[in-house]
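Biologist: I'd like to learn how to read a structure like this one. Can we go through it feature by feature?

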Amino acid sequence: MNDPRIIVALDFAGKKQALEFARKTTPAQCRLKVGKELFTSCGPALVEELVAAGYDVFLDLKFHDIPNTVQKAASAAARLGVWMLNVHALGGSAMMRAARDGVEIVARRPFLIAVTVLTSMSEQDLRDSGIDKPLPQLVRQLARNTLDSGLDGVVCSAREAAGLRADIGDAALLVTPGIRPEWARADDQQRIVTPRQALAAGASYLVIGRPITGHADPAYALELISESIAQR
Ligand code: C5P
């Protein structure tokens, strides 16, 4: 079975651009990530359209709420037919277990992963929020909580992937953003790695946005990246 490693971040403001992109590629080449901007402007109907077009959709809404609310939101996402969804590990183990129960309502449940600490947060930001633990330790603890709560894996920087892989085992999914092929601009990403490096570090799936969506020929950009990882 075809199992593309690339998840394209559809960071578009509107439905027209998102569907246009989906027509330029195929579900055999990539999976698609729908985040807060696109979901808030276009709603679940767009997700259903992408799923109906055959795409595996990662619904990146990072749920973080009381367990009952997250369970119901996770069930709603599962009913949309998404392939993967996520929550914040800082929501706690009870919330993550509730999310896991929530996705079980469909026969083929989506993968459920957690964000440990947002990569935009510094250690100072954590201290300002009353969290004194060093950031790497906190990431590892939250990753372990995530797996212990029955989730499938975590979102992490590819630079954290090798350490986390050793910590939480081979079966866990590691989904890594911050990826840039050698030929692409870094944009606002600070600590980038190439697609090959990310996979070598143990990443399961690569989230890639602008190098593909901002390319004059997105299908060609996707092909170049797919070739670079096929030669691993
Ligand atoms: O365009 P680019 O490849 O930078 O897009 C990366 C995607 O991954 C964006 O949708 C961004 O919100 C998401 N992301 C990230 N860093 C994280 C978590 C998610 O860049 N730590």
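Biologist: Let's begin with strand E3 (residues 57-63): how many of its residues are buried?
Modeller: Two housekeeping points before that. This is a predicted model, so local features need pLDDT of at least 70 and side-chain atom pairs count only at pLDDT 80 or more, while totals for chains, interfaces and linings use all residues. Residues are numbered from 1 along each chain as its sequence is written, and side-chain values use heavy atoms, leaving out hydrogens and water. Now, "buried" means under 20% relative accessible area (over 50% is exposed, in between is partly exposed; 1.4 Å probe, protein chains only). In strand E3, six of the seven residues are buried, which makes this strand mostly covered. By the way, strands (E, at least two residues) and helices (H or I, at least four) are DSSP runs numbered from the N terminus.

Biologist: In what order do the strands close up?
Modeller: Two strands pair if DSSP finds at least two bridges between them. Here eight strands close into a barrel, ordered E1-E2-E3-E4-E5-E6-E7-E8, with parallel pairing. On average, neighbouring strands of this sheet are turned by 25° against each other, direction ignored. (Axes are lines fitted to C-alpha atoms, for helices over the stretch in contact, and angles run from 0 to 180 degrees between N-to-C directions.)

Biologist: Which strands does helix H11 lie across?
Modeller: Helix H11 (residues 218-230) lies across E1 and E8, at about 150° to E1. Another case is helix H8 (residues 158-168), which lies across E6 (153-155) and E7 (173-176) and runs at about 170° to E7.

Biologist: Which residues surround the ligand?
Modeller: The idea is to list residues with a heavy atom within 4 Å of the molecule. Among them are Ala 9, Asp 11, Lys 33, Thr 119, Val 207, Ile 208 and Arg 210. Then look for polar contacts, which are pairs of N or O atoms within 3.5 Å. A polar side-chain atom of Lys 33 is 2.9 Å from a ligand oxygen atom. The side chain of Thr 119 has an N or O atom 2.6 Å from a nitrogen atom of the ligand. From Arg 210, a backbone N or O atom lies 2.7 Å from an oxygen atom of the ligand.

Biologist: Is Thr 176 buried or exposed?
Modeller: Thr 176 is in strand E7, and it counts as buried because its relative accessibility is 0%. Contact means heavy atoms within 4.5 Å. Setting aside residues up to four places away in sequence, Thr 176 touches residues including Cys 156, Ala 198, Tyr 205 and Val 207.

Biologist: What about a threonine in a loop, such as Thr 116: buried or exposed?
Modeller: Thr 116 lies between strand E5 (111-115) and helix H6 (123-128). Thr 116 counts as buried because its relative accessibility is 2%. Beyond neighbours within four places in sequence, its contacts include Ala 89, Leu 90 and Val 154.

Terms used: Polar contact = N/O pair within 3.5 Å; in protein donor to acceptor, adjacent residues only side chain to side chain.
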